[in-house]
Amino acid sequence: MISIIIPSRNEVYLDRTIKDLQKKAGGKIEIIAVLDGYNVDNRIEGVTYVHHPEPIGMKYAINSAADVARGEYLMKLDAHCIVAPGFDLQLTSDHQDNWIQIPRRHKLDE
């Protein structure tokens with residue numbers, strides 16, 4: 001399983017990014033959204049939210065999500081990106097020990 005960490009500070013596309021990940025995953029994934037210095041009223045089912053009332057910065061936000069992640073693999077994704085269908089299966093099938101992989105992603109920009 002891949003734990004997907006999404007650090008976010010007032011990101012307007014966070015929900016779209018999360019829904020895109022849920023729609024395009026080919027296997028089981030865990031999504032952890034870090035709300036850095038803000039909160040959201042409507043939370044998406046199946047997503048773990050880590051809320052920091054005061055901004056702590058991206059590095060610390062990512063680390064706070066890694067602390068609660070349960071997946072065998074960690075993936076960090078910006079809160080304004082979408083991915084290809086089956087992205088998780090492709091990443092895990094191609095992975096080798098001591099590799100850092102970066103999936104192709106597309107920026108949401110209306």
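## Ser8 and Tyr38

The side chains of Ser8 and Tyr38 form a polar contact at 2.6 Å (a pair of N or O atoms within 3.5 Å; within protein, one able to donate a hydrogen and the other to accept it, and residues adjacent in sequence count only if both atoms are side-chain atoms). This is a predicted model, in which local features need pLDDT of at least 70, side-chain atom pairs count only at pLDDT 80 or more, and totals for chains, interfaces and linings use all residues. Residues are numbered from 1 along each chain as its sequence is written, and side-chain values use heavy atoms, without hydrogens and water.

Ser8 counts as buried because its relative accessibility is 4% (buried means under 20% relative accessible area, with a 1.4 Å probe and protein chains only). Leaving aside residues up to four places away in sequence, Ser8 touches residues including Leu14, Val34 and Ala79 (contact means heavy atoms within 4.5 Å).

## The sheet

Ser8 lies in strand S1, residues 2–8, and Val34 in strand S2, residues 29–36 (strands are DSSP runs of E, at least two residues, numbered from the N terminus). Val34 is also buried, at 0% relative accessible area.

Four strands form an open parallel sheet in the order S3-S2-S1-S4 (strands pair if DSSP finds at least two bridges between them). S3 (47–52) and S4 (73–76) are at the edges with a single partner strand each, so one side of each has no neighbour in the sheet. S1 and S2 pair over seven bridges, and Ile4 stands opposite Ile31 in S2.

Definitions and conventions. Buried < 20%, exposed > 50% of the residue type's maximum accessible area, 1.4 Å probe, protein only.
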